Amino acid sequence: MPAPRKYPDELRERAIREVRSTGRPIAHVAKDLGIHKEALRGWVRQAEADRGKRDDRLTSADQDELRQLRKENAELRRANEILKAASVFFAQEIDRSRTRPSR
């Protein structure tokens, strides 16, 4: 389960909107709102990526999809390992039944 967010979504949106609309430096807006300047800088960068203004970051939707695909990939790898172990077990059982003398 993800950790709870330190800042509410409304504050994030307000801070991003203020940086965009006023053109004031991020550090000044962050200080006025009681937010750490690097947190606000990250929010602004992510908002720019989501709007298509940055190519150096994934959008939030892409990040969510990547997170989901990685989770699914891990589950499939675990299932694959279980199936491999089961096939080895059953192959050994078949070998044992073939080598036992019949009555």
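The model is predicted, so local features need pLDDT of at least 70 and side-chain atom pairs 80 or more, while totals for chains, interfaces and linings use all residues. Residues are numbered from 1 along each chain as its sequence is written, and side-chain values use heavy atoms, without hydrogens and water.

Biologist: How many aromatic pairs does a search of the whole structure find?

Modeller: Rings of Phe, Tyr and Trp (its six-membered ring) pair if their centres lie within 6.5 Å. Planes under 30 degrees apart count as stacked, over 60 as edge-to-face, the rest as tilted. By that test, the search finds two.

Biologist: Which class does the pair of Tyr-7 and Trp-43 fall into?

Modeller: The centres are 5.3 Å apart. The planes stand at 80 degrees, which makes the pair edge-to-face.

Biologist: How many residues apart in sequence are the parts that this pair ties together?

Modeller: Tyr-7 lies in the segment before helix H1 (9-22). Trp-43 lies in helix H3 (residues 37-50). Helices are DSSP runs (H or I, at least four residues), numbered from the N terminus. The parts tied together are 36 residues apart.

Biologist: Is Trp-43 buried or exposed?

Modeller: Buried means under 20% relative accessible area, exposed over 50%, partly exposed in between (1.4 Å probe, protein chains only). The relative accessible area of Trp-43 is 10%, so Trp-43 is buried.

Biologist: Which residues does Val-44 contact, leaving aside neighbours within four places in sequence?

Modeller: Contact means heavy atoms within 4.5 Å. On that basis, the partners are Ile-16, Val-19 and Ile-26.

Conventions. Helix = DSSP H or I, 4+ residues; strand = E, 2+ residues; numbered from the N terminus.
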